[in-house]
Amino acid sequence: MARIEINHNGPRTGAARHPEKAARPDNPIQRKPAWIRVKAPTHPIYHETRALMRDNKLVTVCEEAACPNIGECWSQRHATMMIMGETCTRACAFCNVATGMPNPLDHDEPRRVGEAVAKLGLRHVVITSVDRDDLADGGAEHFAQTIRAIRAAAPETTIEILTPDFLRKEGALEVVVAARPDVFNHNLETVPRLYPTIRPGARYYHSLRLLDRVKQLDPSIFTKSGIMVGLGEEKIEVQQVMDDLRSAEVDFLTIGQYLQPSVKHAAVARFVEPAEFEDYASVARAKGFLLVSATPLTRSSYHADRDFAELRAAREKSLAV
């Protein structure tokens, strides 16, 4: 069967979405290997899901971050909703989400998210957001309101959140944890050595402490984190990140290939072959993660509903031993 490589990235320069990157030298985009290419979305449910998001004035990270799995996920009515607008206050070198000064919060958004989850009939939903450094609590209360709205509209749906780091937002994490999501995800994104160039607005050890603190506040909440590979990291550095996450009692690790959104973003240092992802998964499982997803196309919310069922089963098995 012929496979079509689709471009979710919009303009190749990325200048419209990322004016802060306009002065950077261009990094040519390399041709993707065969194991990265995906088919163009044609399934009718894909278009239904897209229409539902538009009708409810909702933003999805699937579109904003140019996820390569959008066709597969939306055809199965899986979509990761991005709350608090589509403009981020950070300027990470890997990210395709637009940067700038966000609009004020839409206080009706939690209700609309809850209604959309109910209409889609989701067993599991993933809610993420842009960074909102402009807000006193980083958007923590908005996250909590969204969780409560989903619980009210779709009480059987399990909820996974993928949060920003709430850097310098005292008490924000406690507000989110008190709303009791089923899964708390916060991505480390890369190894600490690469933070100054890849994730300059964040702090590796702060993100690690955030995940550790979730477990301290509520051990029943599953914790999850992910990194990208292909940015110039060494294997030994990836394994150290695994050890750091296990020290924080993180349950679920995801590892995926970094894909360059535009010529103004960080260059792909290399495309990691599938066999190497399998090696990473084997090492991570040996280190004690309840669940590991490590493939070239793995993303934080890819197959999240299936993964949550496996995560819950893995915990029950570990407690029975």
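Student: In this predicted model, which residues does Ala118 touch, not counting residues up to four places away in sequence?

Tutor: The place of Ala118 is in helix 4, residues 109-120. Ala118 and Ala154 are 36 residues apart in sequence, yet their C-alpha atoms are 5.2 Å apart in space. With residues up to four places away in sequence left out, the residues touched by Ala118 are Ala153 and Ala154.

Student: Does Ala118 count as buried, partly exposed or exposed, and at what relative accessibility?

Tutor: Buried means under 20% relative accessible area and exposed means over 50%. Ala118 falls in between, so the residue counts as partly exposed, at a relative accessibility of 38%.

Student: At what angle do the axes of helix 8 and helix 9 cross, and how do the residues of their contact divide by type?

Tutor: The axes of helix 8 (residues 204-217) and helix 9 (residues 235-247) come within 9 Å and cross at roughly 35°. Helix 8 contributes Tyr204, Leu208, Leu211 and Asp212, while helix 9 contributes Val241, Asp244, Leu245 and Ser247. By type, the residues of this contact are five nonpolar, one polar and two charged.

Student: What span should helix 11 have at 1.5 Å a residue, and how far apart are its end C-alpha atoms?

Tutor: Helix 11 runs over residues 304-320 and holds 17 residues. The expected span is 1.5 Å times one less than the number of residues. That gives 24 Å for helix 11, in agreement with the distance between its end C-alpha atoms, which is 24 Å.

Student: Why are the buried residues of helix 11 said to lie on the same side, and which exposed residues does the face turned away from them carry?

Tutor: The buried residues in helix 11 are Ala304, Asp305, Asp307, Phe308, Leu311 and Arg315. They cover an arc of only 160° around the axis, and therefore lie on the same side of helix 11. An α-helix has 3.6 residues a turn, so residues three or four places apart point the same way. The face of helix 11 turned away from the buried side carries the exposed residues Glu316, Lys317 and Ala320.

Student: How many residues apart in sequence are the parts that the pair of Arg90 and Asp131 ties together?

Tutor: The side chains of Arg90 and Asp131 meet in a salt bridge, at 3.7 Å from N to O. Both Arg90 and Asp131 are buried. Arg90 lies in the loop between strand 3 and strand 4, and Asp131 in the loop between strand 5 and helix 5, so the parts tied together by the pair are apart in sequence by 41 residues.

Student: Which residue forms a salt bridge with Asp218?

Tutor: Asp218 lies in the loop between helix 8 and strand 8, and its partner in the loop between helix 6 and strand 7, so the pair ties together parts 38 residues apart in sequence. The closest N and O atoms are 3.0 Å apart, and the residue paired with Asp218 is Arg180.

Student: Which residues does Thr295 touch, not counting residues up to four places away in sequence?

Tutor: Thr295 lies in the loop between strand 10 and helix 11, and is partly exposed, with a relative accessible area of 33%. Leaving out residues up to four places away in sequence, the residues touched by Thr295 are Ile255, Gly256, Gln257 and Phe277.

Conventions. Residues numbered from 1 in each chain as written. Predicted model: local features only at pLDDT ≥ 70, side-chain atom pairs only at ≥ 80, totals over all residues. Heavy atoms only, no water. Axes fitted to C-alpha atoms, helices over the stretch in contact; angles between N-to-C directions. Helix = DSSP H or I, 4+ residues; strand = E, 2+ residues; numbered from the N terminus. Contact = heavy atoms within 4.5 Å. Nonpolar A, V, L, I, M, F, W, Y, C, P; charged D, E, K, R; others polar. Buried < 20%, exposed > 50% of the residue type's maximum accessible area, 1.4 Å probe, protein only. Arc of directions from axis to C-beta. Salt bridge = Lys/Arg side-chain N within 4 Å of Asp/Glu carboxyl O.
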